[in-house]
Amino acid sequence: MTEQKTVTVNMGPQHPSTHGVLRVVLELDGETVIKATPVVGYLHTGIEKTMENKLYYKAIPCTDRMDYLAPMSNNLGYCLAVEKLMGIEVPEKVKWARVLLTELTRIKSHLVWLGTHALDLGAMSMLLYTFRERESIIDVYEAVSGQRMMSTYIRIGGLAKELPKDFDKWVRKVLKQVPQGMQDYIDLLSGNQIFINRTKGVAVISAEDALNYSLSGPMLRGSGIKHDLRKASPYSGYENFDFEIPVGRIGDAWDRYLLRLEEMRQSLRIVQQALDGMPEGPYRAHVPGVVLPPKEDVLYKMESMIHHFKIITEGFETPRGAVYQAIEAPKGELGYYISSDGSNKPHRVRVRPPSYINLGALPKMVEGRLLSDVICAIGTIDIVLGEVDR
Amino acid sequence: MEQTSLMTEKIRDFFSSRFADAVISEDNFRDQQSFYVKPEAIFDICQTLLNDAELDLKYLSDITSLDWLGDEEAEKGRFEVVYNLYSLTHHNRLFLKVRLQEDNPRIRTVSDLWAGANCMEREVWDLMGIDFEGHPDMTKVLTADELDGHPLRKDFPLTWEQPKFTWNKDDPPEVIK
Amino acid sequence: MGLEEKIPDSIILTTVDKMANWAHKRSMWPLGFGLACCAIEMMSTFAPHFDLARFGMEVMRPSPRQADLMIVAGRVSMKMAPVVKTLYEQMPNPKWVLSMGACASCGGVFNNYAIVQGVDRIIPVDVYVPGCPPRPEQLIDGILKLYEQIEKESVKDKREEWGRRIG
């Protein structure tokens with residue numbers, strides 16, 4: 001008889017459904033995947049090294065450019081870590097505004113995930129619908145910071161500037177538009193037989209494996225483990241909000257689809273609560289020499305101007321030591337490990353990239369499955385290559 | 001909060017009762033409990049923790065590394081590897097830190113305990129050049145194939161463009177030759 | 001008086017340049033290829049709100065062999081650079097390159113070992129669009145600038161580059 005041979009297929013880095021520049025080397029027997037090896041690094045930017053060479057303030061823009069689908073979550077993680085290092089307590093209003101904005105970011109990130117995931121599985125029009133709703137969230141971004149994507153709005157000890165006067169209007173527009181849009185998605189996808197067949201029972205990962213692979217975020221919760229850092233180790237005042245943590249049952253792509261839709265609903269709830277209960281107060285903590293003084297003061301007060309000048313040019317001295325702050329980003333546990341040697345620049349900034357570590361489970365998820373399931377598995381992990389490669 | 005401080009005590013007891021020889025020092029900066037341990041003991045500690053139902057520090061959150069070149073800390077060893085463990089039931093974190101010497105830094109892998117450690121250790125090797133003994137696939141992961149050296153080391157220059165598409169005019173620095 | 005009077009109405013006289021440029025301009029197919037953050041803005045540009053289909057460009061081609069505009073959307077790393085160059089070489093002539101965003105144009109904020117300091121080091125660029133990332137309007141403006149540039153092109157100048165098929 002003929003000798004049995006396997007075929008090695010290279011997928012990517014330029015491939016429409018790899019969400020950027022991921023490359024997967026697949027060893028196939030017919031159409032069955034024997035082994036899948038993700039090859040990453042095609043977007044390696046050296047962000048960690050770059051941040052080591054910048055002052056603490058000036059490293060914030062680098063964080064935006066990692067997970068570019070959820071820039072505010074990245075800002076928040078970094079700023080919370082620096083605040084922990086410096087022992088800064090921020091005003092209540094800042095906490096609430098941060099929660100509101102990061103929850104909008106979660107919806108924004110999930111919308112892009114939903115659009116691209118459905119696009120990969122053949123539902124092309126989903127992308128057009130999700131980007132419609134995404135524009136309304138981008139309007140909020142633009143209203144608060146002036147930038148559509150890379151807002152750098154969350155700063156150490158507070159926010160970049162006061163929330164705009166018409167902030168309510170923009171957020172209420174999101175609160176009105178996104179639920180309507182979500183009804184459209186459910187109509188289009190939840191009863192769509194093709195979509196169901198391609199996601200149900202595909203890319204399964206058991207709870208035990210999910211823990212063993214250190215998965216986090218929807219990947220972990222999809223397998224039935226109720227772990228969310230917003231509840232487990234609350235940060236930025238999440239303990240004040242009322243929301244549920246959805247979990248999946250068997251950990252397949254369909255579970256994670258339902259789970260992320262539910263997460264978007266819960267995020268809308270949090271946004272509503274944060275908007276209704278937003279306290280009054282300053283938008284930055286008053287810590288002279290560390291936190292930038294408000295811009296109005298810089299223009300009229302001598303001390304504020306000196307502080308501003310010193311922070312921008314020299315930065316601030318930090319205590320020696322290392323801190324780790326993790327937040328629940330849309331993709332999972334986003335952690336910043338900042339080690340300080342006492343100087344005005346970080347000694348080392350390590351980012352715990354949720355999508356890089358989640359991607360580690362890809363070989364496990366597709367082994368023995370069909371080639372077309374690889375596309376579904378890549379989509380359901382919700383990777384963003386800027387964060388995988390940094 | 002009370003539960004966390006209770007767990008802090010329990011972890012301290014765990015180390016003093018079972019790994020008293022392996023622990024070098026304890027650090028509690030900003031309420032974060034970390035232990036400096038001897039490199040040869042790391043695998044045993046991780047394995048014991050993984051089977052310890054009471055402490056339940058079974059979730060490996062992260063593995064990372066630091067380079068202390070040019071700092072006073074460097075006497076204890078130039079490289080530092082940090083294991084970040086989390087408890088899903090008690091919600092507390094434990095940092096295990098290991099110091100490694102400058103020449104030929106190597107440590108036993110934990111990728112046979114946690115499958116997730118595989119990609120984390122690979123990244124540490126690629127960016128910091130710390131070898132994990134027994135790791136199934138210790139190859140480059142993020143940096144370009146042509147790149148020599150490990151970018152996150154402090155003696156690796158930030159802006160030196162090493163591979164092909166470069167307009168660098170100066171001679172390469174010492175470390176690359 | 002002239003030739004126009006002697007020929008039927010359905011015939012329009014023009015130059016080869018104008019004809020070729022008009023065809024190139026109005027049927028431009030971009031390569032569906034995103035690198036980093038700018039790719040998301042590029043997707044926004046193709047999405048309903050900004051709708052690049054107004055300019056006859058809604059078809060993104062996943063294969064470089066069917067595309068004639070490469071939008072380099074995002075930072076090009078040292079590891080990706082050979083791939084970008086290969087993709088460019090796989091595209092058939094005539095072809096154009098639009099460098100989108102600060103990173104693709106000059107390295108942006110990432111002046112470091114990992115990023116190619118401008119994609120023009122590896123492939124020729126026709127239009128640079130600044131911004132980090134550029135707004136969709138900026139990208140559309142860049143594409144319109146490229147149209148203007150195409151209108152001024154001459155088939156004769158490009159003959160060598162394209163091979164002998166047209167001349």
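The crossing of helices α5(A) and α6(A) is left-handed, and in this predicted model the two helices pack at an angle of about 165°, with their axes 9 Å apart. Beyond that pair, the briefing takes up an open sheet of three strands in chain A, the residue A:Y337 in strand β7 of chain A, the strand β3 of chain B, which is mostly covered, and helix α3 of chain C, which is largely enclosed by the rest of the structure.

**The helix pair in chain A**

- Helix α5 of chain A spans residues 125-145 and helix α6 of chain A spans residues 167-190, and their packing angle is about 165°, which makes α5(A) roughly antiparallel to α6(A).
- The α5(A) side of the contact includes A:M126, A:Y129, A:R132, A:E133 and A:V144, while the α6(A) side includes A:F167, A:W170, A:K173, A:D184 and A:L189.
- Sorted by class, the residues of this contact between α5(A) and α6(A) comprise 14 nonpolar, three polar and five charged.

**The open sheet in chain A**

- The three strands of this sheet follow the order β6-β7-β8 in chain A, with antiparallel pairing, and its edge strands are β6 (321-329) and β8 (348-352), each of which pairs on one side only.
- Neighbouring strands of the sheet are turned by 15° against each other on average, when direction is ignored.
- Strand β7 of chain A, residues 332-340, is joined to β8(A) by five bridges and runs antiparallel to it, and A:I338 stands opposite A:V349 in β8(A).
- Helix α3 of chain A (residues 71-86) lies across β6 and β7 of chain A, and its direction is at about 150° to β6(A).

**A:Y337 and its surroundings**

- A:Y337, placed in strand β7 of chain A, is buried, with 22 other C-beta atoms within 10 Å.
- Although A:Y337 and A:V323 are 14 residues apart along the chain, their C-alpha atoms are separated by 5.7 Å.
- When residues up to four places away in sequence are not counted, A:Y337 touches A:A322, A:Y324 and A:R350 in chain A, and also B:T64 and B:V82 in chain B.

**Chain B and strand β3**

- Chain B has three helices and seven strands, and from the N terminus on its elements run α-β-β-α-β-β-β-β-α-β.
- Of the 177 residues in chain B, buried residues make up 40%, and among its contacts between residues at least 6 apart in sequence, 49% join residues at least 24 apart.
- Strand β3 of chain B (residues 59-67) has nine of its nine residues buried, and eight bridges join β3(B) to the antiparallel strand β4 of chain B, residues 79-86.
- B:T64 stands opposite B:V82 in β4(B), and both of these residues are touched by A:Y337.

**Chain C and its contacts**

- The contact between chains B and C takes ten residues from chain B and nine residues from chain C, and the chain B side has seven nonpolar, two polar and one charged residues.
- Helix α3 of chain C (residues 37-46) is largely enclosed by the rest of the structure, because ten of its ten residues are buried; among them are C:C37, C:I40, C:E41, C:M43 and C:F46.
- The buried residues of α3(C) pack against α5 and α17 (385-389) of chain A, and within chain C against β1 (69-73), β2 (96-100), α5 (101-106) and α6 (136-151).

Technical notes. Residues are numbered from 1 along each chain as its sequence is written. Chains are lettered from A and ligands numbered from 1 in the order in which they are written. This is a predicted model: local features need pLDDT of at least 70, side-chain atom pairs count only at pLDDT 80 or more; totals for chains, interfaces and linings use all residues. Axes are lines fitted to C-alpha atoms, for helices over the stretch in contact, and angles run from 0 to 180 degrees between N-to-C directions. Helices (H or I, at least four residues) and strands (E, at least two) are DSSP runs, numbered from the N terminus. Angles under 35 degrees count as roughly parallel, over 145 as roughly antiparallel, 65 to 115 as roughly perpendicular and the rest as oblique. A crossing is left-handed if the near helix is turned anticlockwise from the far one by less than a right angle, and right-handed if clockwise. Two residues are in contact if their C-beta atoms, placed from the backbone, lie within 7 Å. Ala, Val, Leu, Ile, Met, Phe, Trp, Tyr, Cys and Pro count as nonpolar, Asp, Glu, Lys and Arg as charged, and the others, Gly among them, as polar. A residue is buried if 20 or more other C-beta atoms lie within 10 Å of its own, exposed if 12 or fewer, and partly exposed in between; C-beta atoms are placed from the backbone. Two strands pair if DSSP finds at least two bridges between them.
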